[in-house]
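Please walk through this structure strand by strand. Keep the sequence and the model side by side as you read.

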Amino acid sequence: MAPVLSLAPSEIHALATDFDRASPTEILRWAYEEFGTNAAIGTSFQGAGLVAIHHAVQNGIPLPVFTIDTDLLFDETLELKTRVETFFGLQIEAISPEISLQQQEAEFGPQLWKRNPDLCCIQRKVWPLQKKLRSLNAWVTGVRRGESEHRSNVQVIELYEFDRLLEQRIIKVNPMTHWSREAIWNYIRKHGIPYNPLTDRGYRSIGCRPCTRPVTSGEDDRAGRWIGFDKTECGIHTFLGENI
Ligand code: SF4
């Protein structure tokens, strides 16, 4: 269990204003100085997350890194995890759902993602993340305002209630909010950071195999997720709770 948060909501709002135009390094350094290893970077190896990790490693900010392995990731994503660990010289903790795909199929039938993707995401992403967040004070994300309409108002630092029932809260730290897609990919190319080869085949926001398609130019980065459903978020930024 992580230590109780010492920051009041008003202080967090003030910090969000102060850090609004700060560099990722300044924001990550603040997170580490404030919370130590009770702050961690959560990544699904999208471009912005990779850039955030690079800023941390390059500047000697030893934030732990974790990812959620839903058992349904692309082979390219799993291989990327290994390449990223080698490139940065760090170990990335892989968090797994409590139930296997076989158990899920036995309980809910085959290919739940085709019938009820919210329920599938809750079990394979939201609950594992919720469990992880209970051990932290701050969760660093690669969320960007330009990714979609839904994310356009993301603040650099937010107070996030991830379990409304138990009133459990965490600080969300979003050091990449202002970065454009172009800036992210210029940075990745400049520094030779490994990235998902699916990106070169038109995939922009890359999640699970059954729920991710390439996008065409002019579409939101997240338009290739959950085709055929009125769903653009897996729920880790929405189902858990709310920003306060
Ligand atoms: S993205 Fe698709 S396959 Fe992955 S957890 Fe969500 S519904 Fe299931």
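Two strands pair if DSSP finds at least two bridges between them. Strands (E, at least two residues) and helices (H or I, at least four) are DSSP runs, numbered from the N terminus. This is a predicted model, where local features need pLDDT of at least 70, side-chain atom pairs count only at pLDDT 80 or more, and totals for chains, interfaces and linings use all residues. Residues are numbered from 1 along each chain as its sequence is written, and side-chain values use heavy atoms, leaving out hydrogens and water.

Start at strand 2, residues 65-68. Strand 1 (residues 39-42) runs parallel to strand 2, and two bridges join them. Here I41 stands opposite V65. Strand 3 (residues 92-95) is also parallel to strand 2, joined by four bridges. V65 has a bridge partner there too: I92.

Strand 1, helix 3 (residues 47-58) and strand 2 form a right-handed β-α-β unit. Right-handed means that, with the strands pointing away from the viewer, the path from the first strand over the helix to the second runs clockwise. Strand 2, helix 4 (residues 75-88) and strand 3 make a right-handed β-α-β unit as well.

Are the faces of strand 2 covered or open? Both are covered. V65 and T67 are buried on one side, F66 and I68 on the other. Buried means under 20% relative accessible area, with a 1.4 Å probe and protein chains only.

F66 leads on to K132. That lysine sits in helix 7, residues 117-133. K132 counts as buried because its relative accessibility is 16%. Leaving aside residues up to four places away in sequence, K132 touches F66, E93 and I95 (contact: heavy atoms within 4.5 Å).

Definitions and conventions. Buried < 20%, exposed > 50% of the residue type's maximum accessible area, 1.4 Å probe, protein only.
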